[in-house]
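User: I would like to go through some of the labels used for this structure and see what each one rests on.

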Amino acid sequence: MEASSSSSSSSAPPPPPPSIPASGVWADASPLLAAACRDLEDGELVHGENFSLFGAMSALEIMDPKMDSGIEKSGYYSVEEAIEDGFAPVPLSLDRTLDIQRTLDVMDHLFSCEATWHKGHTLAQTVFTCIYLMRMERTSSHAILNSFCRILRATCYAVVSVVSTARTHEEEDLFTMSFGLPLRDEGDEKCLSILNSVEETVLNPCRTILIWKRITAELCYADYHFYHVVTCLRKPHGRGLELARKHVASCLAELSLMLKSRDFLRSQSNNTSQQGDEATTASGVCPVGFDASLNSRLLSPAPPRAVKIVSWSDAIRYYEKLLHDLDIICSSPLDLVLENVLHFVVQFQKSVPDLVPRAFLQTLLVQDGKLYGRDLPCDVISRALSLPDIIGDKEFQMNEFVVQLGQLVINLLKILCTNTAWQRRKLGKSLQDWSTISIQLELALKREFGETRNVLPHENMCMRVSKQLLVWTQEHTYWVAYRFLILGFELDLYSPSEYCMVYWYMYVVLMKLIEQMQLRILASARRKGKKKKDHSKDSSRDTAFPSSCLLLQCHVLLSEGLSMMLAALRNESNSFQSPSIFNSEQERFIQHFDLLQKARLPEHITYYSFRESASHAFIADLTKYNFFKEIQKIIPSLRGSFASEPEKLAEIRQIEQVAEHNRIALNIISQVGAGDPSLRVSFEFTHHPHFAVAVVKRS
């Protein structure tokens with residue numbers, strides 16, 4: 001044995017694996033890794049030919065219960081086994097009071113499971129971990145539990161239908177999968193009548209008892225009002241919005257009653273087996289009849305991973321936000337003017353709504369390929385062109401460009417209803433389509449009518465429609481491009497060293513956007529002036545449009561001012577420059593704006609255009625023409641124009657604060673000198689999500 005061991009120890013080491021070439025030269029990678037650590041900030045990744053984000057996301061996180069499929073499972077292997085073992089008894093207890101308490105715990109936990117499912121997990125790992133829901137026929141003798149489970153299942157089916165129709169579930173691809181679970185049954189359409197019967201025969205005689213009032217509140221929320229909200233929102237043409245809003249108010253009232261009962265229920269519970277705020281029931285007692293690993297074998301597309309059910313308190317907060325988001329949707333004015341619709345959706349997204357309300361918004365906006373299920377896309381475009389004469393015109397509707405633009409409008413509305421990351425990704429991909437149609441329209445216009453771009457008073461209807469259609473297309477192309485750029489701030493895609501190029505590109509895009517908007521307004525004003533003799537009265541009625549241009553002009557001035565301030569700091573103090581061994585500034589420029597460059601938005605704009613513009617920026621020149629001071633001159637007129645629009649007034653206030661703080665910071669930098677080594681300048685988003693504020697300190 002000793003001879004054997006000594007011979008084995010003295011033998012040559014095993015050859016390297018085939019994947020490593022024998023002739024390869026090994027080098028110490030420590031300096032490279034150390035440089036990467038110094039260069040990268042939180043949230044940034046190294047990207048190489050053999051290391052990508054996909055590869056990093058595909059890696060297995062050991063001991064993470066959401067990712068590691070090797071963690072040991074426990075529990076029953078079938079529903080029948082759990083039932084035979086008495087894991088889900090019916091009734092839940094022979095003692096009437098204890099039976100009601102346990103029933104309430106089951107309802108509370110299902111309430112938390114439903115919220116967890118809404119967050120992007122599967123039905124199999126959340127709602128359908130309940131054995132009572134898996135075998136509904138067993139609960140037929142338990143009226144309260146049966147009615148609750150039945151209407152909960154019907155609500156889940158309705159939500160799945162809406163999300164599947166909206167196709168926003170691509171973000172959480174497991175959301176709509178039922179894995180063959182009993183999501184629908186023949187008797188589910190009678191769930192409301194069953195609930196009414198239970199209320200009359202069981203709940204009404206006991207409404208004065210507090211615990212029964214609590215059960216009534218939960219039944220009324222989950223079983224009645226919320227189900228009505230879902231069904232009313234699904235009605236075509238927005239006909240159920242008013243009724244849905246009434247049920248939303250009732251839901252919020254019942255949620256308030258549920259929250260108030262928590263202390264009482266905990267005082268009635270002898271043992272609280274769950275920890276405080278992490279409890280999935282109001283009483284803190286672990287419910288009976290749930291097994292998290294019951295459906296693990298059904299999850300073929302995904303590993304049988306564990307899911308952490310959100311706490312009951314978090315579920316309450318989630319549903320309160322969900323209902324507030326749905327209330328905003330219910331208050332939609334059903335405006336058929338595209339610009340107003342886009343503004344409504346963008347404002348709605350500022351509250352960062354979850355998947356379910358965004359799905360309901362999309363199904364409201366787009367029904368059967370029409371806006372609100374009423375207006376064809378071609379009619380929406382003709383209304384946006386301020387040409388009511390062509391609404392319903394068959395030749396206009398069948399025009400190839402109009403058909404393609406109609407499809408882009410519908411796709412744009414759908415894209416704006418996705419989450420921020422998906423929205424930016426899809427907007428970037430759609431830029432090429434918008435740009436291509438714009439170029440094709442311009443070429444067709446030149447072939448037919450020559451080089452003239454301005455709308456002339458003597459031109460015929462065909463020429464006028466073609467020119468206004470081109471202007472409208474280019475305006476919305478740059479609107480999409482601007483939306484694409486500002487979403488990068490919300491996703492923290494830009495580092496401080498890149499703010500200069502980002503604001504410069506925003507300035508260039510905004511200049512094109514405002515140019516096209518002014519052309520559209522001018523064409524519309526000329527058309528109105530042709531119909532009416534009193535031009536002065538007509539122009540005074542159009543003050544809302546110039547106000548929109550003035551608001552955009554504030555964005556232009558902020559973008560240009562911030563870009564030039566950052567460029568001046570780079571030139572005079574060498575700050576906001578982070579040379580990297582991994583990629584140059586030009587490569588980062590391409591990474592951020594490649595989709596815009598491919599779409600030629602705008603034309604003849606390259607990295608060298610940015611470098612040329614930035615190289616001539618100095619603090620002394622900025623103080624002579626103070627962009628931020630110019631904004632403060634525009635603000636008073638904007639306040640008067642948007643006096644009746646609180647959202648616009650709030651945005652104007654944000655812009656004013658950014659301009660004021662940056663004006664003061666610019667004056668301080670000018671007085672001290674940008675090259676002063678004791679000067680420290682940083683940029684923070686304290687007043688506006690997209691426009692930074694300079695913070696100046698002395699060390």
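User: What makes the contact between the side chains of Asp325 and Lys321 a salt bridge?

Analyst: This is a predicted model, in which local features need pLDDT of at least 70 and side-chain atom pairs count only at pLDDT 80 or more, while totals for chains, interfaces and linings use all residues. Residues are numbered from 1 along each chain as its sequence is written, and side-chain values use heavy atoms, with hydrogens and water left out. A salt bridge is a side-chain nitrogen of Lys or Arg within 4 Å of a carboxyl oxygen of Asp or Glu. For Asp325 and Lys321 the N to O distance is 3.0 Å, so the pair meets the definition.

User: Where do Asp325 and Lys321 lie?

Analyst: Both are in helix 12, 4 residues apart, which is about one turn of the helix. Helices (H or I, at least four residues) and strands (E, at least two) are DSSP runs, numbered from the N terminus.

User: Why is Asp325 called buried, and what is Lys321 called?

Analyst: Buried means under 20% relative accessible area, exposed over 50%, and partly exposed in between (1.4 Å probe, protein chains only). Asp325 has 4%, so Asp325 is buried. Lys321, at 30%, is therefore partly exposed.

User: Which parts of the chain does the pair Lys308 and Glu278 link?

Analyst: Lys308 and Glu278 form a salt bridge with closest N and O atoms 3.0 Å apart. Both lie in the loop between helix 11 (262-268) and helix 12 (312-330), 30 residues apart, and the pair counts as linking distant parts of the chain. Lys308 has a relative accessible area of 60% and is therefore exposed; Glu278 has 45%, so Glu278 is partly exposed.

User: How do you know that helix 19 is roughly antiparallel to helix 23?

Analyst: Axes are lines fitted to C-alpha atoms, for helices over the stretch in contact, and angles run from 0 to 180 degrees between N-to-C directions. Angles under 35 degrees count as roughly parallel, over 145 as roughly antiparallel, 65 to 115 as roughly perpendicular and the rest as oblique. Helix 19 (residues 461-490) and helix 23 (residues 585-598) pack at about 170 degrees, with axes 11 Å apart. Helix 19 is therefore roughly antiparallel to helix 23.

User: Which residues of helix 19 and helix 23 meet?

Analyst: Ala481, Phe484 and Leu485 in helix 19 meet His592, Phe593, Leu595 and Leu596 in helix 23, where contact means heavy atoms within 4.5 Å.
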